[in-house]
Amino acid sequence: MSLGMAAWVVGLAQAYALAGLVVGIAFLLRGIDRIDPAARGAHAFRPLLLPGLVLLWPVVAWRWARLSH
């Protein structure tokens with residue numbers, strides 16, 4: 001793999017992680033209370049969910065969009 005290709009792959013991974021961070025934070029601030037009533041007021045565990053939300057953000061965004069309609 002050439003150095004240019006490696007830089008492109010790293011850039012793609014960074015963009016994916018940034019999009020996941022944005023979706024994850026938005027979900028933790030707005031969406032989790034609507035989807036899981038048991039999560040209301042339980043703010044201490046939310047940071048523990050962020051790594052999984054960053055990795056699985058397309059699934060989270062898709063399910064969140066489907067459940068909010």
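**Entry 1: Arg 63**

I looked up Arg 63 and found it partly exposed, at a relative accessible area of 49%. For that reading I used these limits: buried is under 20% relative accessible area, exposed is over 50%, and partly exposed is in between, with a 1.4 Å probe and protein chains only. The model is predicted, so I noted that local features need pLDDT of at least 70 and side-chain atom pairs count only at pLDDT 80 or more, while totals for chains, interfaces and linings use all residues. Residues are numbered from 1 along each chain as its sequence is written, and side-chain values use heavy atoms, with hydrogens and water left out.

Arg 63 sits in helix H3. Helices here are DSSP runs of H or I with at least four residues, strands are runs of E with at least two, and both are numbered from the N terminus.

**Entry 2: the nonpolar core**

Which residues make up the largest nonpolar core? I listed seven: Phe 27, Leu 28, Ile 32, Ala 39, Leu 53, Val 60 and Trp 64. Helix H1 (3–35) and helix H3 (57–67) each supply at least two residues of this core. H1 gives the most, with three. A core in this sense is a set of buried Ala, Val, Leu, Ile, Met, Phe, Trp, Tyr and Cys residues joined through side-chain atoms within 4.5 Å.

I then took Val 60 from the list and looked for its contacts (heavy atoms within 4.5 Å). With neighbours within four places in sequence left aside, Val 60 touches Phe 27 and Leu 53.

**Entry 3: aromatic pairs**

How many aromatic pairs does the structure hold? I found two. Rings of Phe, Tyr and Trp (its six-membered ring) pair if their centres lie within 6.5 Å; planes under 30 degrees apart count as stacked, over 60 as edge-to-face, and the rest as tilted.

Tyr 16 and Trp 57 form a tilted pair, 5.6 Å centre to centre and with 55° between the planes. Tyr 16 lies in helix H1 and Trp 57 in helix H3, so this pair ties together parts that are 41 residues apart in sequence. Tyr 16 is partly exposed at 37% relative accessible area, and Trp 57 is partly exposed at 22%.

Phe 27 and Trp 64 form an edge-to-face pair, with 5.4 Å between centres and 80° between the planes. This pair also links distant parts of the chain, since Phe 27 is in helix H1 and Trp 64 in helix H3, 37 residues apart. I noted both Phe 27 and Trp 64 as buried.

**Entry 4: the salt bridge**

I searched the whole structure for salt bridges, each being a side-chain nitrogen of Lys or Arg within 4 Å of a carboxyl oxygen of Asp or Glu. The search finds one. It joins the side chains of Arg 46 and Asp 33, at 2.5 Å from N to O. Arg 46 lies in helix H2 (residues 46–55) and Asp 33 in helix H1, so the pair ties together parts that are 13 residues apart in sequence.

Is Arg 46 buried or exposed? I read Arg 46 as buried, at 7% relative accessible area. Asp 33 is partly exposed, at 22%. Leaving aside neighbours within four places in sequence, I found Arg 46 in contact with Leu 28, Ile 32, Asp 33, Ala 39, Arg 40 and Gly 41.

**Entry 5: the surface**

I looked next for a nonpolar patch on the surface and found Leu 18, Leu 21, Val 22, Ile 25 and Leu 29, with about 480 Å² of accessible area together. Patches are made of residues with over 30% relative accessible area and no salt bridge; like charges are joined within 9 Å, and nonpolar side chains (Val, Leu, Ile, Met, Phe, Trp, Tyr) within 5 Å. The areas come from the Shrake-Rupley method with a 1.4 Å probe, and for residues only the protein chains shown count as cover. Ile 25, one of the patch residues, is in helix H1 and partly exposed at 39% relative accessibility.

Last, I located Pro 37 in the loop between H1 and H2. Pro 37 is exposed, with a relative accessible area of 53%. The C-alpha atoms of Pro 37 and Val 60 are separated by 17 Å, the two being 23 residues apart along the chain.
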